[in-house]
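Have the structure open as you read.

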Amino acid sequence: MGSLMERLRRMPLVWQIGLLALALLLPLPLNDYYRAVLWRTGIYAILGLSLNIIVGYAGLFQLGHAAFYALGAYTSALLNLHFDIPLVLTWPISILVAAFFGYLISRPILHLRGDYLCIVTIAFGEVVRLALVNNIFGITGGANGLSGIDQTVLFGLTLRTPLHHYYLVLFFLVLTLFAVRRLENSRLGRAWMYVREDETAAEAMGIDTTWAKLLAFVLGSGWAGLAGALYVARIPVVSPDLARFIESVVMFCIVVLGGTGSIPGVFVGTLGMITLPEIFRFLKTWRDAWMGVAMVAMMIARPEGLWPSRRIRMEIREKE
Amino acid sequence: MALLEIRNLTKQFGGLTAVDCVSFSLDEGEILGLIGPNGAGKTTIFNLITGIYAPTEGEISFNGHQIAHPPLGARKFITPVWWLQWVPARSLREQWDQLRTLRPHEITELGIARTFQTIRLFKNMTVLENVMAGVHHRTRAGVWGAIFRPPAQRGEEAFIVKEAEQYIHFMGLSDYRDELAKNLPYGHQRRLEIARALAARPRLLILDEPAAGLNEQETLELMDLIRQIRDSGITVLLIEHDMKVVMGICERIVVLDYGKKIAEGTPEEVQRNPRVIQAYLGEEEV
């Protein structure tokens with residue numbers, strides 16, 4: 001097993017193409033329900049990867065990520081309903097709007113550390129949800145949300161079946177993976193790591209820590225906005241439920257469960273937090289109990305996550 | 001003109017005056033030692049120079065730039081005009097830049113790099129990655145460069161590695177290039193911190209107790225390295241408790257006690273100064 005992993009590591013193209021082929025073929029033998037489950041997994045993997053930039057790379061606690069997801073979804077829905085803009089063209093705007101709000105909220109609070117930052121992000125998440133529920137500016141449709149959104153038309157092809165949407169999300173997931181891997185191994189990615197390891201030393205070495213943290217927040221938030229827009233592409237109804245606190249917690253758990261800062265970890269986390277509960281839907285509320293038990297058990301047995309990045313494992317094991 | 005000038009610098013933490021009206025200056029190409037008993041305010045002065053703290057009173061200028069002065073709120077004649085930073089007008093922008101206190105990374109960009117008393121390396125990163133941090137502010141690639149990797153970004157990345165390797169070699173750490181910083185022996189960690197600071201290509205290098213915890217042999221090597229650094233054109237300011245190091249390499253020494261400057265001069269002058277002897281050995285009971 002070990003030697004096989006080692007050999008695969010030396011041939012990145014082989015396992016990358018292998019995984020892509022698996023992802024492409026996987027939904028074919030499944031029925032529509034499981035294809036929808038895969039679609040949902042893809043959406044949350046994108047959300048997890050975007051949150052991983054903020055929590056994993058820059059080490060900032062963000063417990064209001066669902067707010068940006070909802071902002072992206074509402075932007076896409078509103079532009080489509082009021083201005084008849086095709087959904088495809090609303091995606092870039094969703095990204096920009098979510099990124100802009102990411103900037104607005106994070107700019108004044110970036111100097112806060114750890115738990116204080118966490119509290120503010122929770123509050124922001126709730127503010128967004130309540131604003132949507134209270135039908136802010138009379139455009140968000142209150143607790144019922146918005147409905148009657150168009151179907152997605154992509155290059156003349158109307159996306160109707162879950163399979164279509166799965167492939168759409170898969171495309172953006174691959175794009176996200178590509179971007180995130182490159183960010184991780186860049187000057188910016190190193191700056192995030194320096195800030196996470198020792199902010200004072202990073203600052204003294206000439207790294208603009210505000211710049212680094214702000215970029216992490218803006219990129220992460222913007223990408224969550226895209227996930228929101230992709231949600232609207234399949235589900236023509238948006239409601240304030242998208243911004244519920246539990247959604248933010250699930251996204252946070254995806255990142256932490258798999259291993260903070262680790263890309264494969266995000267997939268393991270999505271599998272544990274989204275796919276498995278969806279498959280075991282017949283167990284009803286017991287699923288939530290399982291989540292709680294799993295979280296507690298993991299914090300005791302494997303605080304670094306199920307598939308941690310090498311570096312974070314060292315950081316966490318060291319603190320003990 | 002002096003490279004670094006400190007005028008009437010005062011820092012109070014609540015009721016405690018850590019630094020009390022200290023003035024001294026540092027010329028280009030000099031090695032200046034800052035000494036004094038524990039708690040005399042040496043590290044506080046370092047933190048004031050590098051922008052980690054803002055002074056209560058007084059100011060510091062470096063190479064013609066004012067790098068530290070009391071924060072705006074403390075000056076009664078100016079209202080804190082924080083929103084001015086979005087005003088595009090150039091003259092206003094320049095005025096604002098003079099009024100606000102510089103942030104630590106901006107001071108590093110001006111040419112001051114430091115090491116820390118308690119070693120503050122990026123422990124779980126390799127030696128190379130640590131030193132690469134120093135090159136950060138001399139390079140520009142951002143999100144676009146990271147994702148699309150245009151030729152300019154790849155060239156820059158190669159430049160960062162090459163620069164870092166050069167300083168690793170200078171500090172004699174080439175064998176440890178890919179080792180994690182925390183796995184290095186203590187003496188090498190000290191060297192790595194200096195390599196990281198040098199990679200920022202400073203004009204002024206500030207060393208906070210570089211010889212602490214080093215053995216005889218390592219200390220001698222360190223003294224030699226500091227001289228080499230100075231000979232390459234970098235001005236050095238150091239805090240040190242090891243008198244052999246201080247007297248051996250410093251051209252001038254400033255002595256602090258209870259936050260006040262009590263003496264300044266060549267090592268010989270300082271050693272003879274009765275106030276310095278008193279501060280170190282205590283007052284004689286009469």
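The buried residues of helix H7 of chain A pack against helices H3 (32-57), H8 (187-197), H10 (209-234) and H12 (263-279) of chain A, and also against helix H5 (143-148) of chain B. Among those buried residues are A:Tyr166, A:Val169, A:Leu173 and A:Thr176. Here, buried means that 20 or more other C-beta atoms, placed from the backbone, lie within 10 Å of the residue's own. An α-helix has 3.6 residues a turn, so residues three or four places apart point the same way.

This is a predicted model: local features need pLDDT of at least 70, side-chain atom pairs count only at pLDDT 80 or more, and totals for chains, interfaces and linings use all residues. Residues are numbered from 1 along each chain as its sequence is written, while chains are lettered from A and ligands numbered from 1 in the order in which they are written.

How long is H7? With 23 residues (162-184) at 1.5 Å a residue, helix H7 of chain A should span 33 Å, and its end C-alpha atoms are 32 Å apart, which agrees. That expected span is 1.5 Å times one less than the number of residues.

Now step back to the whole of chain A. It holds 14 helices and 2 strands, which are DSSP runs (helices H or I, at least four residues; strands E, at least two) numbered from the N terminus. Buried residues make up 49% of its 320 residues.

Finally, look at confidence. Chain B averages a pLDDT of 87, where pLDDT is the predictor's confidence in each residue, from 0 to 100. Over residues 74-80 of chain B, pLDDT stays under 50. Where pLDDT is low, the predicted coordinates should not be read in detail.

Conventions:
Buried ≥ 20, exposed ≤ 12 C-beta atoms within 10 Å, placed from the backbone. Contact = placed C-beta atoms within 7 Å.
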